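Here are my notes on the model, point by point. Have it open as you read.

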Amino acid sequence: MGLITGSFVNVCIDRLPMQFADKELRSRLLKSSELSSLLKNHVQDRTLTLFKPTRSFCFYCGHQLRWFENVPLLSYIFIKGRCRTCNAALGSRLFWTETMHGLWYGIFGWLFQNWIWSLFAGINFSFLWILAYCRSHQQVRIKLYYAGGVLLAVNFMVYFFIRK
Ligand SMILES: [Zn+2]
């Protein structure tokens, strides 16, 4: 479960700053020579969101990931951290996010021996992980602070609910 969540967290870190990009960041992205025309079209038309397009694609050449390139952790090792089409390095963050999520979700499960506690420890961990990577993007950071407030309230509710 940690590995799957880690995979989704990577999508959040990649897409949220673009989804909520202000004018300045968008014009900077559109001028960048490293991004694919597919990605630039998404930035231009503001069509890239967390859930659209559903399938993951390479930000450099636009290559859409096949199922076997989308298996958490194993795929990264299998493709050696590079896009199979354009050979662009995908960055070690993809690997570390999935590894640390797998590891910590496992530790939480072992530590708490209770699926609700473990699940919430995991969700909080994932939230902080996303916040750490997106903190330099002001638009995303503000939204994450609101989400963090809601998450904190849910944490307290679960805590008092479980204690009874
Ligand atoms: Zn590529």
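1. Ser32 counts as partly exposed because its relative accessibility is 22% (buried is under 20% relative accessible area, exposed over 50%, partly exposed in between, with a 1.4 Å probe and protein chains only). Ser32 sits in the loop between helix H2 (23-31) and H3. A polar atom of the Ser32 side chain lies 3.2 Å from the backbone nitrogen of Glu34.

2. Some housekeeping: this is a predicted model, where local features need pLDDT of at least 70, side-chain atom pairs count only at pLDDT 80 or more, and totals for chains, interfaces and linings use all residues. Residues are numbered from 1 along each chain as its sequence is written, and side-chain values use heavy atoms, with hydrogens and water left out. Helices are DSSP runs (H or I, at least four residues), numbered from the N terminus.

3. Leu16 is worth a click. Leaving out residues up to four places away in sequence, Leu16 touches Val11, Leu50, Ile130 and Val140 (contact means heavy atoms within 4.5 Å). Leu16, Ile130 and Leu144 turn up again with Phe8 and Cys12 as the residues nearest the centre of the second largest pocket, which has 15 lining residues. By class, that lining has 12 nonpolar, two polar and one charged residues, and H1 gives the most to it, with five residues.

4. The largest pocket holds about 1,000 Å³ of space. Of its 44 lining residues, Asn10, Asp14, Phe59, Arg93 and Leu94 are the closest to its centre. H1 provides the largest share of that lining, nine residues. For the record, a pocket is an open set of points on a 1 Å grid over the protein atoms alone, with protein on both sides within 12 Å along at least five of seven lines, and lining residues have an atom within 4 Å of a point; in a cavity, a 1.4 Å probe fits but cannot get out.

5. How many cavities of 30 Å³ or more does a search of the whole structure find? One. Its lining includes Met18, His42 and Leu48.

How values were computed: Points joined across faces, edges and corners; volume = space filled by probe spheres on them. Helix = DSSP H or I, 4+ residues; strand = E, 2+ residues; numbered from the N terminus. Polar contact = N/O pair within 3.5 Å; in protein donor to acceptor, adjacent residues only side chain to side chain. Nonpolar A, V, L, I, M, F, W, Y, C, P; charged D, E, K, R; others polar.
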